[in-house]
Each structure stands twice: as structure tokens, then as C-alpha cells.
Amino acid sequence: MASTTSQIIHKTHLLNHDQMLDYYADWADSYDTDVKSSGYEAPRVCAEALGKVLSDKSALIVDCAAGTGIVGEELKNIGFKTIDAVDYSQQSLDISASKGVYRRLICNKFDENKIEEIKDDSCSALICVGALLMNHITQTAFPEWNRIVKQGGFMVFTLSRVEYDDGLPDHRLVIGNGIQELLDKGTWELIDQTAIPYHSGYLADMFTIRLKNKTDL
């Protein structure tokens, strides 16, 4: 059985948009404590992975589904200075703001929509930790990721290996197919794929991607 935190997050894809916003609004104040108590190491590990491929500490990084800013704190800890947060929970962003790690906080969701506050080819990297999941961030966001990240830029993201037997869509298969399609097309180049600690002893795949070719986008 999956850990309580992972199971709770997975179940949220049964919620509609308004219910989801209410859910994260209610959870925002205790989110950091709850996920850290479950042994959530992914923010630190992913920030370090990005640090290995992106040497410019002043480069613009977008933290996708930034939530309460745990990933932003880890990026700042290793020296990154210019980080924009995107999340569609304003309550979570309010907590992020109090940490002083982000240049901008944008209340929006990466999906099929265009996030007007972020210009084409303006970002050197994007990081998305713990949010690739049905009804959260899915493969429908990949075109928008490709729009804002410069050619030659980097993406680091996780895809949980947690398995569920509840009859809900397999996020690993659906989102994984979207990842593989971009790799097969040559749009993305896989730099690394590594199993990393997730929640309470469970694993996730961490992908380090270089945006190789934007010609056909």
C-alpha cells in the first residue's frame, strides 16, 4: 500500500477544479510538515540534479507546481538566484512568498493554456517535483514547457513509481507515453533517468532532459 501522503495526492484526481483548489488551500499550512515527515527527499535530489547540468547560478528557472516553495528553498541552498514559481493554489504561493526564494509568484496551472506572464524561450530550466500526476500536471503541459524553455535548456522532473490497485488511470503509462513521444521525435534528449526516494520508502523516476530541438514545435 502506498504511503498516506502519496495516496492522498493520488486520490485528488477524482476532484473537480474547485474542489482541488479548496483541498490545497486547506492543506497549505501543514503541507511542509506533512510531506517532510514522510521522508520526502525528491526536492533536494532534483535541485541537485539540476545543479549538475546548469552551471549559471543566475539563470532563470521556473518551478512548476511550486506549492509552498520546498523546491525553491533547495534551489536557493545550492546557489540559484533567479527562480519563478508557478502554482494554482494562491494559499500555497502565499507561504512560498514568506520564504523569500522566488523572484515572481504566478498563480496559474501548466496545462494546455498559455501562461502569459512567461515569454517564449525565456527560461534556462524548468523543474517539476512531485506534480506529474493525473489532474495535477500531465503530458498536456509539455507544449507549454517547450515554449518557455530555451533550446538547449534543461528540465528536471519526477514521475512516481507508486502503484495503485484502485482502478484509476495509470499515471505512469499515460504521462510516460507523452515523455517517450518527445524523446522519439528528438525534441527532448534524455540526459539521465534515475530512481530516487519519494515518500516513505517509495520511489520515483527522476528525469533530466535537455530541450534539444524546437524546430518542429
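Me: Helices and strands here are DSSP runs, numbered from the N terminus. How many helices and strands does the chain have?
Reply: This is a predicted model. Along the sequence, the elements follow the pattern α-α-α-β-α-β-α-β-β-α-β-α-β-β. The count for the chain is 7 helices and 7 strands.

Me: At what angle do helix H3 and helix H4 pack?
Reply: H3 covers residues 42-53 and H4 covers residues 70-77. Their axes lie 9 Å apart. The angle is about 45°.

Me: Is H3 parallel or oblique to H4?
Reply: Angles under 35 degrees count as roughly parallel, and 65 to 115 as roughly perpendicular. H3 and H4 pack at about 45°. That angle makes H3, relative to H4, oblique.

Me: How many nonpolar, polar and charged residues does the contact of H3 with H4 have?
Reply: H3 brings Pro43, Arg44, Ala47 and Leu50. H4 brings Ile70, Val71, Glu74 and Leu75. By class, that contact has 6 nonpolar, no polar and 2 charged residues.

Me: Is Ser124 buried or exposed?
Reply: Ser124 sits in strand S4, residues 123-128. Buried means under 20% relative accessible area. Ser124 has 14% relative accessibility, so this residue counts as buried.

Me: Which residues is Ser124 in contact with, leaving aside neighbours within four places in sequence?
Reply: Contact means heavy atoms within 4.5 Å. Beyond those sequence neighbours, the partners of Ser124 are Leu54, Ala59, Leu60, Val149, Lys150, Gly153 and Phe154.

Me: What percentage of the residues in the chain is buried?
Reply: The chain has 217 residues. Its accessible surface comes to about 9,800 Å², with 47% belonging to carbon and sulfur atoms. The buried share of residues is 52%.

Technical notes:
Residues are numbered from 1 along each chain as its sequence is written. This is a predicted model: local features need pLDDT of at least 70, side-chain atom pairs count only at pLDDT 80 or more; totals for chains, interfaces and linings use all residues. Side-chain values use heavy atoms; hydrogens and water are left out. Helices (H or I, at least four residues) and strands (E, at least two) are DSSP runs, numbered from the N terminus. Buried means under 20% relative accessible area, exposed over 50%, partly exposed in between (1.4 Å probe, protein chains only). Accessible areas come from the Shrake-Rupley method with a 1.4 Å probe; for residues, only the protein chains shown count as cover. Axes are lines fitted to C-alpha atoms, for helices over the stretch in contact, and angles run from 0 to 180 degrees between N-to-C directions. Angles under 35 degrees count as roughly parallel, over 145 as roughly antiparallel, 65 to 115 as roughly perpendicular and the rest as oblique. Ala, Val, Leu, Ile, Met, Phe, Trp, Tyr, Cys and Pro count as nonpolar, Asp, Glu, Lys and Arg as charged, and the others, Gly among them, as polar.
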